[in-house]
Amino acid sequence: SPLPDYMTEVLEACSDEDDGELAAYIPELAEADPSRLALALATPDGTRYAVGDADVRFTIQSISKPFAYALALVDHGLDAVLEHVGVEPSGEAFNEISLDPSTNRPLNPMINAGAITVHSLLDADRVAAGFAAFAGRDLEVDEQVYASELATADRNHAIAYMLRNHGIIDADPHAVVDGYTRQCSLLVDVGDLAVMAATLANAGTHPVTGEQVVPRWVARQTLAVMTTCGMYDAAGDWFTTVGIPAKSGVSGGLIGALPGKGGFAALSPRLDRHGNSTRGVRIFERLSGDMGMHLMEVP
Ligand code: GLN
């Protein structure tokens with residue numbers, strides 16, 4: 001069929017790009033095979049395609065952040081979540097130790113400070129059940145990556161202590177970082193991520209299981225925050241060139257969700273200086289141009 005052939009062609013066109021570095025601050029991630037390359041698509045009617053290294057599983061990392069945010073919105077409502085974490089792009093790195101100076105809240109839920117706060121609003125069972133609903137199957141934790149990250153998580157502990165000092169989180173900082181690190185260590189493949197993105201793009205209804213995983217307003221809020229904050233300090237670059245809500249993670253995953261049209265997910269472990277997948281960004285630039293996906297394009 002022409003669509004998977006086209007997707008394979010996009011991967012081939014990007015395969016000679018070898019800029020970027022593996023994330024090394026999580027020792028286990030530095031062991032990943034940098035040549036991995038995969039792309040998946042899911043549409044609202046449940047059509048799914050995946051090409052390249054589509055059966056490779058990797059840890060979800062920061063791509064978990066929009067989904068955890070969505071679950072927190074469902075459980076606590078918009079106002080209560082906004083009291084804990086804002087919706088302003090930070091223009092800073094993902095792991096910046098910073099808060100909004102006027103409110104002491106993390107600027108947004110896509111940077112670590114915001115995501116650790118969001119995680120503190122969820123319990124472990126809710127995370128497991130909520131991510132299973134988004135993926136359409138139960139997700140396992142990669143215990144090795146989890147242990148490797150937790151053993152070196154000084155920076156996230158610093159963030160969590162800062163959050164408790166300001167009364168943004170109530171829980172024990174160690175317990176919150178532990179749970180957040182487990183959330184980041186959930187194993188997915190690009191096909192899982194594409195249906196998860198497609199669920200947000202489909203106003204919260206899972207394209208395969210048919211479950212309304214989150215209400216329409218939650219999907220909209222989450223996509224909006226992905227648009228402004230999902231690519232960290234490259235969010236402006238990304239939105240002008242690619243023009244769709246997105247989220248990246250340090251293991252090299254990258255999702256894009258096009259409202260009403262579906263979800264894409266790419267995997268390539270080498271990262272640019274913002275922590276976004278180098279080849280992933282290239283793949284999406286190509287998809288956006290070829291398929292006219294830019295949301296600011298006047299039809
Ligand atoms: N678990 C990682 C961290 O907290 C997630 C970061 C990322 O994927 N950008 O540092």
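The ligand is surrounded by Gln61, Ser62, Phe94, Asn95, Asn112, Glu149, Asn156, Cys184, Gly249, Val250 and Gly275; a residue is near a molecule if its C-beta atom, placed from the backbone, lies within 6 Å of it. By class, this shell has 3 nonpolar, 7 polar and 1 charged residues. Ala, Val, Leu, Ile, Met, Phe, Trp, Tyr, Cys and Pro count as nonpolar, Asp, Glu, Lys and Arg as charged, and the others, Gly among them, as polar.

The model is predicted: local features need pLDDT of at least 70 and side-chain atom pairs count only at pLDDT 80 or more, while totals for chains, interfaces and linings use all residues. Residues are numbered from 1 along each chain as its sequence is written.

Gln61, one of the residues around the ligand, lies in the loop between strand 3 (58-59) and helix 2 (64-76). Helices (H or I, at least four residues) and strands (E, at least two) are DSSP runs, numbered from the N terminus. Gln61 is not a glycine, yet has a positive phi of about 50°. With 27 other C-beta atoms within 10 Å, Gln61 is buried. The term buried applies if 20 or more other C-beta atoms lie within 10 Å of the residue's own, exposed if 12 or fewer, and partly exposed in between, with C-beta atoms placed from the backbone.

Asn104 also has a positive phi in a residue other than glycine, near 65°. Asn104 is found in the loop between helix 3 (78-84) and helix 4 (112-120), and counts as partly exposed with 13 C-beta neighbours inside 10 Å.

An open sheet of 5 strands has the order 2-1-7-6-5, with antiparallel pairing. Strand 2 and strand 5 (246-248) are at the edges with a single partner strand each, so one side of each is left without a neighbour in the sheet. On average, neighbouring strands of this sheet are turned by 10° against each other, direction ignored. Two strands pair if DSSP finds at least two bridges between them.

| Strands | Sense | Bridges |
|---|---|---|
| Strand 1 and strand 2 (residues 48-52) | antiparallel | 5 bridges |
| Strand 1 and strand 7 (residues 262-267) | antiparallel | 5 bridges |
| Strand 6 (residues 253-258) and strand 7 | antiparallel | 6 bridges |

Strand 1 and strand 2 form a hairpin with 5 residues between them, and Gly46 in the turn has a positive phi of about 95°. Leu41 stands opposite Tyr49 in strand 2, and Ala40 opposite Ala50. In strand 7, Ala266 is the bridge partner of Leu39, and Gly263 is that of Ala257.

In a regular strand the side chains alternate between the two faces of the sheet. In strand 1, Ala38, Ala40 and Ala42 point one way and Leu39 and Leu41 the other way, and all are buried. Since 5 of the 5 residues of strand 1 (residues 38-42) are buried, this strand is largely enclosed by the rest of the structure.

Helix 1 (residues 2-14) packs with helix 12 (residues 278-291) at an angle of about 130°, their axes 10 Å apart. That makes helix 1 oblique to helix 12. Axes are lines fitted to C-alpha atoms, for helices over the stretch in contact, and angles run from 0 to 180 degrees between N-to-C directions. Angles under 35 degrees count as roughly parallel, over 145 as roughly antiparallel, 65 to 115 as roughly perpendicular and the rest as oblique. The crossing of helix 1 and helix 12 is right-handed, meaning that the near helix is turned clockwise from the far one by less than a right angle, whereas anticlockwise is left-handed.
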